[in-house]
Amino acid sequence: MSDTAQSRAVPALSLAVLLGVWAVAALLTRDPQLLPAPWQLAVPFWGELRSGDLLYHLGMTLWRVGCAFVLAMSIGVALGLVMGRSNAVDRWIDPWLVVFLNLPALVVIVLCYLWIGLTEVAAILAVSINKIPNVAIVLREGARALSPDLDSMARVYAMPRGARLRHVVLPQLAPFIAGAARSGVALIWKIVLVVEFLGRSSGVGFQIHMHFQLFDVGMVLVYALSFIAVMLVVEWRILQPWERHVRRWRAA
Amino acid sequence: MIEVSVEDKRFGAVSVLGQVAFTVAPGEVLAILGPSGVGKSTLLRIVAGVDEDYTGHVRGPARRAMVFQDPTLLPWRSALDNLRIVHPALGEAEALAMLDKVGLGDRGAAFPGQLSLGQQRRLSLARAFAGRPELLIMDEPFVSLDAATGEEMLALTERLIAETRPATLLVTHARAEAERLASRIMHLAGQPAVLRDGAGT
């Protein structure tokens, strides 16, 4: 088997093994209420898809993930960049970062709902606050590693600020931004589900809450697995191609 | 015309540069010789306007260019973009003509990582001259090149200087380079370093 064929076949085989373990466990349990077999999810999945519920709730969750992601990345990147460039700012803000890093996600969510109310703003803000410190810390490392030589070059040739940011600074930060973005998406969608579970009336988290109260394991799995599938598509179709595009000069 | 007058430059408590004053007229090439670590690069950074933490003053034209020891290119942008991003006023045809002048006419689309070190150095020269600088600063531009490539770079630099006639400040520790390019040679030595006429002893 060639290397590329192997690199595609192994993940597929590995997922098939996981599916097999699930099927065996379901057969041994012999209680579809507790653990339905993979094929027993097909009917409820199809029902939710036809009624439009699945797409609506997936869409709501995806929209919240998108909003929180954009907010957390832009604030986190800006904060990390300033902290990496200025020791004074770093000394002042670093203790805050440590506090917010160690603040449990659940506490942030509950406080946002209590102070702002059970609103969309509170939900998205709570998710963003959970993610911003991680992004800032990764980007601070990136900003510290910026090349002083390129900085001098940009100054001698009096490059305007915008061009400097776009052509000199951001390309150097790209690997750090990509890393923060990929770990960020994974973290954010999990927190979005908790936020929906606790205080929203739409989204995958809300549906899981409802079916949890009805002890409907099958539907919980349908919603969870559907969203995992959506996030895999985001990873393969958006994040990985973007990363390859940004890195193309290294491969050339 | 550029007028440089540095009275004192310190790193912490250590005084690196003492009295260093000189002028360079348009079309003139002033070479500054001196051993490694004497403060040549520090002086260049002050003249280039990158380092503003010193006592004294530098008066000179706004259109400056610098050729660094390393090519200091943007590795994530093509050779052509490396010229056009730094000089936004430069048209594509002019940028291509500049690349052609340094022998990179057919490499416009290449990323710097795809060029040899000699080619990267030539691209860095093209970038410096593309802005038609009134002041050109060169920091050991031919260091770590093999003899043939070094000679090629020297000849190219000579041609470009003759064509654009900037006030040029060249720093090097190779006397042969200085004698070939410069109309005037000065020597930087001591601690803190001061400037003397002639190539020193």
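This is a predicted model: local features need pLDDT of at least 70, side-chain atom pairs count only at pLDDT 80 or more; totals for chains, interfaces and linings use all residues.

Biologist: What makes up chain A, in helices and strands?

Modeller: Chain A has 11 helices and 0 strands. Its C-alpha atoms fill a box of roughly 70 × 60 × 30 Å along the principal axes. Of its 252 residues, 38% count as buried.

Biologist: How do you know how α8(A) and α10(A) are oriented to each other?

Modeller: Helix α8 (residues 161-199) of chain A packs against helix α10 (residues 217-246) of chain A at an angle of about 175°, and the axes are 11 Å apart. Angles over 145 degrees count as roughly antiparallel. The two helices, α8(A) and α10(A), are therefore roughly antiparallel.

Biologist: Which residues in α8(A) and α10(A) meet?

Modeller: From α8(A) the list includes Ala174(A), Ile177(A), Val185(A) and Trp189(A), and from α10(A) it includes Phe227(A), Ile228(A), Met231(A) and Leu239(A). By class, the residues of this contact divide into 11 nonpolar, 1 polar and 3 charged.

Biologist: Why is α3(A) called oblique to α4(A)?

Modeller: The axes of α3 (residues 53-85) and α4 (residues 87-101) of chain A come within 6 Å and cross at roughly 130°. Roughly parallel requires an angle under 35 degrees, roughly antiparallel one over 145, and roughly perpendicular one of 65 to 115; the rest are oblique. The crossing angle therefore makes α3(A) oblique to α4(A). Among the residues that meet there are Leu79(A) and Val82(A) in α3(A), with Ile93(A) and Leu97(A) in α4(A). The contact of α3(A) with α4(A) divides into 6 nonpolar, 1 polar and 3 charged residues.

Biologist: What makes the buried residues of α3(B) line one face of the helix?

Modeller: In helix α3 (residues 92-101) of chain B, the buried residues are Ala95(B), Met98(B) and Leu99(B). Seen down the axis of α3(B), they fall within an arc of 100°, so they line one face. An α-helix has 3.6 residues a turn, so residues three or four places apart point the same way. The face of α3(B) turned away from the buried side carries the exposed residues Ala93(B) and Asp100(B). The cover over the buried residues of α3(B) includes α2 (79-86), α4 (117-130) and α5 (147-164) of chain B.

Biologist: Which residues touch the most other members of the largest nonpolar core?

Modeller: That core has 79 residues, and Leu17(B), Phe22(B), Ile32(B) and Val47(B) touch the most other members. The element that gives the most to this core is α4(B), with 6 residues. Beyond its neighbours within four places in sequence, Ile32(B) is in contact with residues including Phe22(B), Leu43(B), Leu169(B) and Met186(B). Apart from this core lies another, of 30 residues, among them Leu54(A), Val65(A), Ala68(A) and Trp189(A).

Biologist: Why is His57(B) called partly exposed?

Modeller: Its relative accessible area is 25%. Buried means under 20% and exposed means over 50%, with partly exposed in between. The value for His57(B) lies between these limits, and the residue is therefore partly exposed. His57(B) belongs to strand β5 (residues 55-59) of chain B. Leaving aside neighbours within four places in sequence, His57(B) is in contact with Glu3(B), Val4(B) and Ser5(B).

Notes: Residues are numbered from 1 along each chain as its sequence is written. Chains are lettered from A and ligands numbered from 1 in the order in which they are written. Side-chain values use heavy atoms; hydrogens and water are left out. Axes are lines fitted to C-alpha atoms, for helices over the stretch in contact, and angles run from 0 to 180 degrees between N-to-C directions. Helices (H or I, at least four residues) and strands (E, at least two) are DSSP runs, numbered from the N terminus. Contact means heavy atoms within 4.5 Å. Ala, Val, Leu, Ile, Met, Phe, Trp, Tyr, Cys and Pro count as nonpolar, Asp, Glu, Lys and Arg as charged, and the others, Gly among them, as polar. Buried means under 20% relative accessible area, exposed over 50%, partly exposed in between (1.4 Å probe, protein chains only). The arc is that of the directions from the helix axis to the C-beta atoms. A nonpolar core is a set of buried Ala, Val, Leu, Ile, Met, Phe, Trp, Tyr and Cys residues joined through side-chain atoms within 4.5 Å.
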